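This report is for a reader who has not seen this structure before. Please look at the sequence and the model first.

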Amino acid sequence: MSDTRRRVKLYTLNEDRQWEDRGTGHVSCSYEDTEKETSLTVTAESDGSLLLESKINTSTAYQKQQDTLIVWSEAENYDLALSFQEKVGCDEIWEKICQVQGKDPSVEITQDPIDESEEERFEEMPETAHLVELPPCEPERLEEIAELVTSVLSSPIRREKLALALVSTGYIRKLLQLFRTCEDSEHREGLHHLYEIVRGVLFLNKATLFEVMFSDDCIMDVVGCLEYDPALVQPKRHREFLTKTAKFKEVIPITDSELRQKIHQTYRVQYIQDIILPTPSVFEENFLSTLSSFIFFNKVEIVSMLQEDEKFLTEVFAQLTDEATEDDKRRELVNFFKEFCAFSQTLQPQNRDAFFKTLANLGILPALEIVMGMDDVQVKAAATDIFSYLVEFSPSMVREFVMQEPQQADDDVLLINVVIKQMICDSDPELGGAVQLMGLLRTLIDPENMLAPASFNAKNIHDWKRVQLGSQDSSYSRSYQEYEKTNTSTLSVMFYKAEKSEFLSFFYKYCMHVLTAPLLANTAEEDQDLSEGSARVNPVCPDNFQTAQLLALILELLTFCVEHHTYHIKNYIMTKDLLRRVLTLMNSKHTFLALCALRFMRRIIGLKDEYYNRYIVKGNLFEPVINALLDNGTRYNLLNSAIIELFEFIKVEDIRSLIAHIVDNFYKALESIEYVQTFKGLKGRYEQEKERQSRGLSRYRRDARSFEEDEDMWLNDDEEEEDVSDTGFEKSKSDYGKFMESEKAKESQDKENQPKRTTTGSFKFTFSHSAAAANASNGSKPPPSSSSSSSKPAAPPSGQTARTGLVGLVDYPDDEDEEEEEDDDEEQSPRKRPRLGS
């Protein structure tokens with residue numbers, strides 16, 4: 001048996017009964033002498049890999065559909081389909097399959113999976129009984145026809161025979177002609193029988209029948225038959241909806257008549273499946289699988305035909321971006337692209353890649369930049385959906401576009417900033433659009449999807465090679481091709497690091513200030529002095545639920561940045577004093593927002609980065625957390641558990657600089673909390689370390705002055721200055737730079753080590769709950785604030801012993817700290833999961 005190769009697409013049916021594209025390749029039908037069997041084999045067109053190897057079993061039922069499809073099942077829940085590019089290829093492979101199974105190639109199905117008892121009864125029947133005799137197509141025989149169609153649905157072999165009889169005799173068109181007669185004469189009983197007949201014919205699940213029923217001259221009569229459901233008092237008016245209510249809108253006139261007909265057919269068949277036909281029962285769920293396939297492959301053809309019509313798409317984009325285009329027209333254009341992108345999900349990966357690249361070349365991203373900023377809610381929603389398709393397909397393509405924008409546009413109209421502003425200004429009370437946009441932003445700034453950028457192609461590699469090697473001769477291409485074959489992974493890593501560094505620098509320079517603007521605006525007055533008797537509830541914290549939801553989304557994104565961006569977000573947090581601003585939200589009446597603020601701090605502490613730890617200690621940033629714990633009292637809730645877990649993590653991971661700070665400044669307020677052993681454990685760790693230091697046995701002898709010098713070098717790094725001194729930080733109102741300078745001056749004079757913002761009485765513990773009642777009754781005083789006491793400041797004193805207790809206790813070896821500062825792209829290592837104490 002000779003091999004026959006034809007170009008095909010391979011599809012499999014998933015659990016949701018949707019066809020998934022498995023790739024394009026060439027199919028062959030070959031006979032193996034050693035195995036004594038014939039197999040269908042599909043090899044990938046791109047790399048020659050094996051996509052499918054399927055033995056042709058004599059008991060497998062193969063179906064031929066729409067002249068270019070062969071469908072079969074290899075297991076109970078594993079359906080496959082081959083979609084041929086040419087009809088001749090499908091015919092040749094079908095003949096091979098029929099030859100193996102001993103069937104006539106003229107049939108549309110080789111056999112049905114039937115049980116043994118039915119098969120035995122069928123084989124025992126005389127040959128003449130194999131034929132299905134159809135009653136004459138007359139009004140008085142409609143009940144008989146309906147009973148016949150209904151009776152065969154339980155038998156696969158009888159369904160097949162009936163389908164062959166209906167096609168061979170042209171019976172469908174006769175039935176539809178009879179329907180028009182019955183409707184004109186208002187023969188209601190006959191119309192009810194026709195409903196049962198047409199519904200049963202659809203459940204035969206045969207593509208050859210669908211091709212007749214869904215043709216232009218038949219489909220509206222099919223819809224008419226399905227209007228007369230016997231269970232309804234009055235018939236539905238589906239035809240009136242399809243012809244009068246549902247108007248076909250051509251945003252740009254379609255000149256291809258075949259494309260227009262395919263669009264009409266697909267819409268109407270989809271309407272039949274989704275609206276007219278009742279939801280199939282468990283026993284009927286497989287009866288319409290071919291109908292789903294019919295719709296699926298129609299959509300593939302529509303997208304392919306539109307994509308090939310370059311004049312059509314060019315005209316659509318021209319009108320979409322034209323300022324003179326009316327709002328209604330623009331809304332239709334955006335909705336068209338939304339549906340167009342939705343249809344593209346049916347394409348195979350290679351074609352989908354070409355589809356989105358075509359849209360990118362035509363200017364879809366600049367167009368979205370315009371329409372997303374419009375006031376029309378429908379237009380913005382549709383544009384957001386289109387943007388989500390683009391981000392899901394290729395985040396790198398979007399990143400590449402936005403990084404080119406600053407050369408030609410102000411950063412206020414950058415696409416990514418437009419997206420951020422849409423998220424911030426979402427008018428939906430539930431912030432549905434903001435949640436969607438936040439997910440897209442997270443995808444764009446996620447380093448994990450920067451491994452395979454869209455720009456990593458032959459042209460970019462060629463340009464990159466010339467830049468790196470300075471070669472201009474023709475021998476370069478040959479040598480580089482050899483290098484690429486053996487060093488693909490090296491090139492991928494290099495381009496990954498380049499894209500990550502370049503995009504994150506861009507994002508923090510041009511976009512981060514837009515993202516954090518609501519957060520900074522709602523915490524801007526925190527550094528105003530509070531009198532001794534003033535209420536602790538911060539008036540800055542938003543009481544508005546929608547604003548609190550927005551801040552929670554922003555904090556979720558910033559928490560993601562802390563975990564994945566390391567250097568850039570660390571620079572931003574310290575320069576903007578961001579953690580202090582975030583922790584003011586611990587006073588919010590919305591517990592979910594307080595938990596978001598706490599989660600942000602928890603993620604920072606989870607990194608066990610001593611620069612972060614020193615920043616927390618100097619800013620006395622545990623104060624709002626401990627105040628929240630004490631205000632919560634004895635209530636056993638999520639806030640209580642989250643705060644306890646934070647301190648438990650510090651204890652278990654033995655973060656010594658934080659332990660020393662907590663015990664020195666806050667232990668008196670916490671020692672009465674005995675329902676967990678966390679705080680006693682912190683005190684025990686603290687005393688053990690002091691004992692080690694007194695014996696000279698501390699494992700960490702790094703001098704505190706050395707650490708301070710490293711910190712100064714890091715804060716003054718040239719690359720950092722480039723990131724923080726430009727547009728983003730000029731527009732912000734942070735005073736953290738001045739704060740750091742004043743702090744360094746104070747440390748050099750050994751006069752004061754607390755931030756200016758902590759004034760007398762601002763560090764005030766509330767003893768209204770039983771957890772702190774014992775301290776109040778015993779006359780215990782709250783831990784001193786920065787200005788109320790100089791004997792126990794929160795920041796490290798100038799004495800060497802105190803410095804060793806705070807800064808010298810670095811939790812990582814020195815070489816790891818230095819390595820992190822040398823490579824800002826280094827990813828954080830996995831952290832230990834904390835073990836909660838009893």
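The model is predicted, so local features need pLDDT of at least 70 and side-chain atom pairs count only at pLDDT 80 or more, while totals for chains, interfaces and linings use all residues. Residues are numbered from 1 along each chain as its sequence is written, and side-chain values use heavy atoms, with hydrogens and water left out.

**Nonpolar cores**

A nonpolar core is a set of buried Ala, Val, Leu, Ile, Met, Phe, Trp, Tyr and Cys residues joined through side-chain atoms within 4.5 Å. Buried means under 20% relative accessible area, exposed means over 50%, and partly exposed lies in between (1.4 Å probe, protein chains only). The largest nonpolar core has 146 residues, and F387 and F622 touch the most other members. Helix α24 (residues 545-565) gives this core its largest share, 12 residues. Helices (H or I, at least four residues) are DSSP runs, numbered from the N terminus. Another core, of 50 residues, lies apart from the largest one and includes A146, L148, V222 and Y271.

Contact means heavy atoms within 4.5 Å. Leaving aside neighbours within four places in sequence, the residues in contact with F622 include M601, I605, I616, L646, F647 and I650. L658, H661, I662 and F666 are also among the contacts of F622.

**Two helix pairs**

Axes are lines fitted to C-alpha atoms, for helices over the stretch in contact, and angles run from 0 to 180 degrees between N-to-C directions.

| Helix pair | Angle | Axes apart |
|---|---|---|
| α16 (residues 377-393) and α19 (residues 432-444) | about 25° | 10 Å |
| α31 (residues 656-670) and α32 (residues 678-695) | about 125° | 9 Å |

Angles under 35 degrees count as roughly parallel, over 145 as roughly antiparallel, 65 to 115 as roughly perpendicular and the rest as oblique. By its angle, α16 is therefore roughly parallel to α19. α16 passes α19 in a left-handed crossing, meaning that the near helix is turned anticlockwise from the far one by less than a right angle. On the α16 side, T384, D385, F387, S388 and V391 meet Q436, L437, L440, T443 and L444 of α19. The residues of this contact divide into five nonpolar, four polar and one charged. Here Ala, Val, Leu, Ile, Met, Phe, Trp, Tyr, Cys and Pro count as nonpolar, Asp, Glu, Lys and Arg as charged, and the others, Gly among them, as polar.

The helices α31 and α32 are oblique to each other, and their crossing is left-handed. Their contact involves R656, I659, A660, I662, V663, D664, Y667 and L670 of α31, together with F679, K680, L682, K683, R685, Y686, E689 and R692 of α32. By class, the contact of α31 with α32 has nine nonpolar, no polar and seven charged residues.

T678 belongs to helix α32. T678 is buried, with a relative accessible area of 2%. Not counting residues up to four places away in sequence, T678 touches I644, F647, E648 and K651.

**An enclosed helix**

Eight of the 10 residues of helix α23 (residues 512-521) are buried, so α23 is largely enclosed by the rest of the structure. The buried residues in α23 are M512, H513, V514, L515, T516, P518, L519 and L520.

**Positive phi**

E186, in the loop between α5 (171-184) and α6 (188-203), has a positive phi near 55° and is not a glycine. L431, in the loop between α18 (415-424) and α19, has a positive phi of about 55° although L431 is not a glycine. Is each residue buried or exposed? E186 is exposed, with a relative accessible area of 68%, whereas L431 is buried, with 3%.

How values were computed
Helix = DSSP H or I, 4+ residues; strand = E, 2+ residues; numbered from the N terminus.
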